[in-house]
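Open the model in your viewer and keep the sequence beside it. Each stop below gives a selection and then what is there.

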Amino acid sequence: MSAPLLELDGLSLRFDGPAGSLHVLESVSLAVAEGESVGLVGESGSGKSVLARAVLGVHPGPAAPSLTGRILLEGRDVTDGSSRRRAVSMVFQDPSASLNPVVRIGRQVLEAVPPAERGSRARQRAAATELLRAVGLPDPGRRLRSYPAELSGGQRQRVGIAAALAAQPRLLLADEPTTALDVTVQQRVLDLIGELRRERGMALLLITHDLGLLAGRTDRIAVMYAGRVVEDGPTERVLAEPRHPYTRALLAVTPRLSPRRRPPLPQIPGGLPDLREPRTGCPFAPRCERALPECATRPPLLRAGAGHTVSCWAAEGVPV
């Protein structure tokens, strides 16, 4: 078998500061194959966005984090910050924050393309116009000279997608790409990302807190909690037969359409653990209704079956 396009091998990430250390990722292992669509799901604060930025090679704050484990991209180890060679691009969750408000749209779309490859001004204009047309922006030729503030939220997100595609990446990271958009626009943006992925043969890592968004859009789902991947399997199987108690809880709190009377939406009690200390045992144990005594003190048992893995002592349906 060929190597995955992206492979995270035991990746741990820690931010050190005056107030102590934050252990954001712990022993994350995850793979994305060529052309595959993978959903990464979990609550806010579970480490999803930090993981995506680690893959991209971009980190918040002035100090670089402490990394252990490996990030392999196209078979090369890029953990040390090696160039991604335009193999990966990212669509950020807030288009208003990711676009420069004083730079015209056309220039921003082409920023990911090395200057030596841009060619003449006429060629650059044609390339930028085609990218904006590909993402469905109305009147793309005229929009090249627009500023972000002149566009709607959905249009700005389409510009962000066009900018991410400019480098012709093999892997697209989409970090909560519809969070800042109206509900009526979210579906169209997600459909657009899916269509472009299939047309261009890209792999996709779609990051979200909403499991319901991933049905029909991804081949696999990886569930993340407190910096760890706790479940990973085919999308249909994870949604129909979730093994980890956290995955089951996420599905239970996912809003569903119901006739007339809607019952109160359940909530997951408690909150994420303190990131200032490395976790012992299973970090979900304090919130888990099925927790066993060993869950609090021993690393979760990794179980696997039919391409479906779960890290849990109390998982059901997966052989030990």
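Helices and strands here are DSSP runs, numbered from the N terminus; a helix is H or I with at least four residues, and a strand is E with at least two. Bear in mind that this is a predicted model.

**Stop 1: two loop residues**

Select D139. D139 sits in the loop between α4 and α5 (140-143). Check its backbone: phi is near 50°, a positive value in a residue other than glycine. Is D139 buried, partly exposed or exposed? Its relative accessibility is 42%, so it counts as partly exposed.

Now select Q168, in the loop between α6 and β7. Q168 is not a glycine either, yet its phi is positive, about 55°. With 63% relative accessibility, Q168 counts as exposed.

**Stop 2: helix α4**

Select residues 121-134 to show α4, then pick T129 within that helix. T129 has a relative accessible area of 12% and is therefore buried. Which residues does T129 contact, leaving aside neighbours within four places in sequence? Show P140, G141 and L144.

**Stop 3: the two domains**

Colour by domain. The domain assignment gives domain 1 as 6-87 + 169-256 + 266-319, and domain 2 as 95-168. Their C-alpha centres lie 29 Å apart. At the boundary, 15 residues of domain 1 are in contact with 15 residues of domain 2.

How much area do domain 1 and domain 2 bury between them? The figure is about 1,300 Å², with 66% of it on carbon and sulfur atoms. Select R86, P169 and L192. These residues supply 43% of the area that domain 1 buries against domain 2, more than any other three residues. Look for salt bridges between domain 1 and domain 2, and the count is zero.

**Stop 4: the eight-stranded sheet**

Show the strands of the open sheet with the order β6-β7-β8-β3-β9-β10-β12-β11. The pairing is mixed. Which strands stand at the edges? They are β6 (88-91) and β11 (302-305); each has a single partner strand, so one side of each is left without a neighbour in the sheet. Neighbouring strands of this sheet are turned by 20° against each other on average, direction ignored.

Zoom in on β6. Four bridges join β6 to β7, and the two run parallel. Select S89 to find its bridge partner in β7, L172. Next, show the side chains of β6. V88 and M90 point one way, S89 and V91 the other, and all are buried.

Select G305, which stands opposite H308 in β12.

**Stop 5: the four-stranded sheet**

Move to the open sheet with the order β2-β1-β4-β5. Its pairing is antiparallel. The edge strands are β2 (20-32) and β5 (76-77). Each has a single partner strand, so one side of each is left without a neighbour in the sheet. Select β4 (residues 66-73): two bridges join it to β5. Across that pairing, L72 stands opposite D77.

Select L6, in strand β1 (residues 6-17). Is L6 buried or exposed? At 1% relative accessibility, L6 counts as buried. Not counting residues up to four places away in sequence, L6 touches L30, A31, V32, V55, I71, L72, L73 and L171. Draw a distance from the C-alpha of L6 to the C-alpha of A203: the value is 9.2 Å, for residues 197 places apart along the chain.

**Stop 6: helix α1**

Finish with residues 48-56, helix α1. α1 lies across β1, β2 and β4, and runs at about 110° to β1. The helix is mostly covered, with seven of its nine residues buried. Select the buried set: K48, V50, L51, A52, A54, V55 and L56. V55 is one of the residues that L6 touches. After α1 comes G57, where phi is positive, near 90°.

Methods: Residues are numbered from 1 along each chain as its sequence is written. This is a predicted model: local features need pLDDT of at least 70, side-chain atom pairs count only at pLDDT 80 or more; totals for chains, interfaces and linings use all residues. Side-chain values use heavy atoms; hydrogens and water are left out. Two strands pair if DSSP finds at least two bridges between them. Axes are lines fitted to C-alpha atoms, for helices over the stretch in contact, and angles run from 0 to 180 degrees between N-to-C directions. Buried means under 20% relative accessible area, exposed over 50%, partly exposed in between (1.4 Å probe, protein chains only). Domain bounds come from an automatic or database domain assignment. Contact means heavy atoms within 4.5 Å. Buried area is the accessible area (1.4 Å probe) that two parts lose on being put together, summed over both. A salt bridge is a side-chain nitrogen of Lys or Arg within 4 Å of a carboxyl oxygen of Asp or Glu.
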